[in-house]
Each structure stands twice: as C-alpha cells, then as structure tokens.
Amino acid sequence: MEKGGFVYITTNKNHTTLYTGVTSDLWARINEHRNKEYPGFTDKYNCIKLVFYEFFSSIDEAIMEEKRIKAGSRAKKMERINSVNPDWKDLFEEIKLW
C-alpha cells in the first residue's frame, strides 16, 4: 500500500527565497532542512521555515504537483502560500503535533 506524499514550500527568514520539495515524511524532511543535514539549496539559502504543505494520496501525484509548482512563477507560489498561510507562519510546530 502506498503511503502518499507531501508537496511543501520552505523559505528563509526574510522570505526572499522559496524552495519547493516533495517527500513521503514531511516532519523528517523539514527536520533535515532545519538541521542542515544535506548540503544544497536549502542549506545555502537557509530555507528552513515551512510555509506551505499539501498531502496527496500517492507520491506520484505529489511529484507531479511539485513539478507544476516549480514550473510556475514566484507570484503563483506566493499566492498559494497566502491562500492557506497569509501570515507566513512557520508550520513546523503544527506538523510536530501529528
């Protein structure tokens, strides 16, 4: 049985850089970003603040949505974040409660 997946968007402290990713374990992945466990884009630009996530019942659907979001403009990403998190709160604490 497939366990599904999440599309997520993280940002840095000043909201100047956005990162879109996909994972089957959202808490673990965001924790990896926050702890800078892997050198790369999120580490370089300090994108550790979770501002958006969406669950999909299949990881394939999540991957397709991630590609669609990445292909879109920054304005579209911001619109998506603002629709569910207008204050751009860090949602990491919310997912820690699961």
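Let me start at Thr 23, where a polar atom of the side chain lies 3.1 Å from the backbone nitrogen of Asp 25. This is a predicted model, so that distance, like the others I will quote, is computed from predicted coordinates. Thr 23 belongs to strand S2. Buried or exposed, then, for Thr 23? Its relative accessibility is 6%, under the 20% limit, so Thr 23 counts as buried. Setting aside residues within four places in sequence, the contacts of Thr 23 are Gly 5, Phe 6, Tyr 8, Arg 29 and Ile 59. One of these, Phe 6, is also the bridge partner of Thr 23 in the pairing with S2.

That takes us to the sheet. Which order do the strands have? The sheet is open, with three strands in the order S2-S1-S3, and the pairing is antiparallel. Strand S2, residues 18-23, and strand S3, residues 49-56, are at the edges; each has a single partner strand, so one side of each has no neighbour in the sheet. From one strand to the next, the twist averages 20 degrees.

Now the two pairings in turn. S1 and S2 are antiparallel and are joined by six bridges. They form a hairpin, with six residues between the two strands. In the turn, His 15 has a positive phi of about 60 degrees.

How covered are the edge strands? In S2, five of the six residues are buried, so the word for this strand is mostly covered. In S3, six of the eight residues are buried, so the rest of the structure largely encloses that strand. To put the two points together: S3 has a side without a neighbour in the sheet, yet S3 is largely enclosed.

Helix H3, residues 59-71, lies across S1, S2 and S3. H3 runs at about 165 degrees to S2.

Glu 54 is in S3, and with a relative accessible area of 28% it is partly exposed. What does the side chain of Glu 54 make a polar contact with? The partner is the side chain of Arg 80, at 2.7 Å. Beyond four places in sequence, Glu 54 is in contact with Gly 5, Phe 6, Val 7 and Arg 80. Tyr 8 is 46 residues from Glu 54 in sequence, and the C-alpha atoms of the two are 6.5 Å apart.

Thr 42 lies in helix H2, residues 41-44. Its relative accessibility is 7%, and on that basis Thr 42 counts as buried. The side chain of Thr 42 has a polar contact of 2.9 Å with the side chain of His 33. Leaving out residues up to four places away, Thr 42 touches Thr 10, Tyr 19, His 33 and Cys 47.

Finally, the chain as a whole. The protein chain has five helices and three strands. From the N terminus, the elements run β-β-α-α-β-α-α-α. The radius of gyration is 13 Å, close to the 13 Å given by the globule rule for 98 residues, so the chain is as compact as a globular protein of that length. Along its principal axes, the C-alpha trace spans about 40 × 30 × 25 Å.

Of the 98 residues, 40% are buried. The accessible surface comes to about 6000 Å², and carbon and sulfur atoms hold 53% of it. As for contacts between residues at least 6 apart in sequence, 67% of them join residues at least 24 apart.

Definitions and conventions. Residues numbered from 1 in each chain as written. Predicted model: local features only at pLDDT ≥ 70, side-chain atom pairs only at ≥ 80, totals over all residues. Heavy atoms only, no water. Pairing = 2+ DSSP bridges. Helix = DSSP H or I, 4+ residues; strand = E, 2+ residues; numbered from the N terminus. Axes fitted to C-alpha atoms, helices over the stretch in contact; angles between N-to-C directions. Contact = heavy atoms within 4.5 Å. Buried < 20%, exposed > 50% of the residue type's maximum accessible area, 1.4 Å probe, protein only. Polar contact = N/O pair within 3.5 Å; in protein donor to acceptor, adjacent residues only side chain to side chain. Rg over C-alpha atoms; globule rule 2.2 N^0.38 Å. Areas by Shrake-Rupley, 256 points an atom, 1.4 Å probe, with all protein chains shown as cover.
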